[in-house]
Amino acid sequence: MKNIALVLTITLLMITGCANKQAKPVLTKTAIKIENIKAPRKIGSYELEGQKDYSDKKLGIGLRYIDKSKYKAYLDAFIYPKDEPLEKHYELFKNALNYMEKKGKFKSLKLLREDEVMLDSQTKAKRALYEIYGPTVPYYSVAYLADIDGKHFLKVRISNPLVSSYLSSDLGLAAVKELYKSITIGN
């Protein structure tokens, strides 16, 4: 009877995919490592809140950081394989936001600023600042998109409530630079 239960358990695990499961994230005091990507647990005033390791490896990983000193201040980082030039990917990103607005996901979407910023002496990031009125909450959202290692993109989206002082700040650039410099990809 025990052998039948054991065989059934192993069979069930194989059918449900547990035998082919993804590597679990490894947390240390200072970092999170998912597969071959290592990122910090803290970026400036933002602390790691959660992560998403997509089963489709084309989607990469997602990390959510929260600034607990500010109400609804989030930094979402995505690291995923590069499959097209940066400019094309940036345009697709903007088109996706416009499509979401047309489909009613936002009450309104307004592009306030677009520019390029340097994350280090050699790496440019495309940046877009939006004023978004979501279904329930209005907020500023700034997106950064950069090539991180020639094979991956880093996309960072920082969202904050509509507070006018945010517009005269660095728009989260210091945190994005810190994150960019601290991410390692490889074994």
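Guide: Two strands are said to pair if DSSP finds at least two bridges between them, and the elements themselves are DSSP runs numbered from the N terminus, helices being H or I of at least four residues and strands E of at least two. The model is predicted, so local features need pLDDT of at least 70 and side-chain atom pairs count only at pLDDT 80 or more, while totals for chains, interfaces and linings use all residues. Residues are numbered from 1 along each chain as its sequence is written, and side-chain values use heavy atoms, with hydrogens and water left out.

The part to look at is the sheet. Strand β9, residues 124-133, and strand β10, residues 138-147, run antiparallel and are joined by eight bridges, with Y133 standing opposite P138 in β10. These two strands belong to an open sheet of eight strands, paired antiparallel in the order β4-β5-β6-β7-β11-β10-β9-β8. Its edges are β4 (42-43) and β8 (108-118), each of which pairs on one side only.

Helix α2, residues 86-102, lies across β7 (74-81), β8, β9, β10 and β11 (152-161), and runs at about 5° to β9; such angles are taken between N-to-C directions, from 0 to 180 degrees, using lines fitted to C-alpha atoms, for helices over the stretch in contact. Helix α4, residues 173-182, also packs on the sheet, where the strands touched by α4 include β5 (46-53) and β6 (61-67), and the direction of α4 makes about 150° with that of β11.

Within strand β6 sits I66, which counts as buried because its relative accessibility is 17%, the cut-offs being under 20% for buried, over 50% for exposed and partly exposed in between, with a 1.4 Å probe and protein chains only. Apart from neighbours within four places in sequence, I66 is in contact (heavy atoms within 4.5 Å) with S45, Y46, E47, E49, A73 and Y74. K42 is 24 residues from I66 in sequence, and their C-alpha atoms are 9.3 Å apart.

A pocket is an open set of points on a 1 Å grid over the protein atoms alone, where a 1.4 Å probe fits, with protein on both sides within 12 Å along at least five of seven lines, and lining residues have an atom within 4 Å of a point. Of the 35 lining residues, F78, F93, L97, K155 and R157 lie nearest the centre of the largest pocket, and α2 gives the most to this lining, with six residues.
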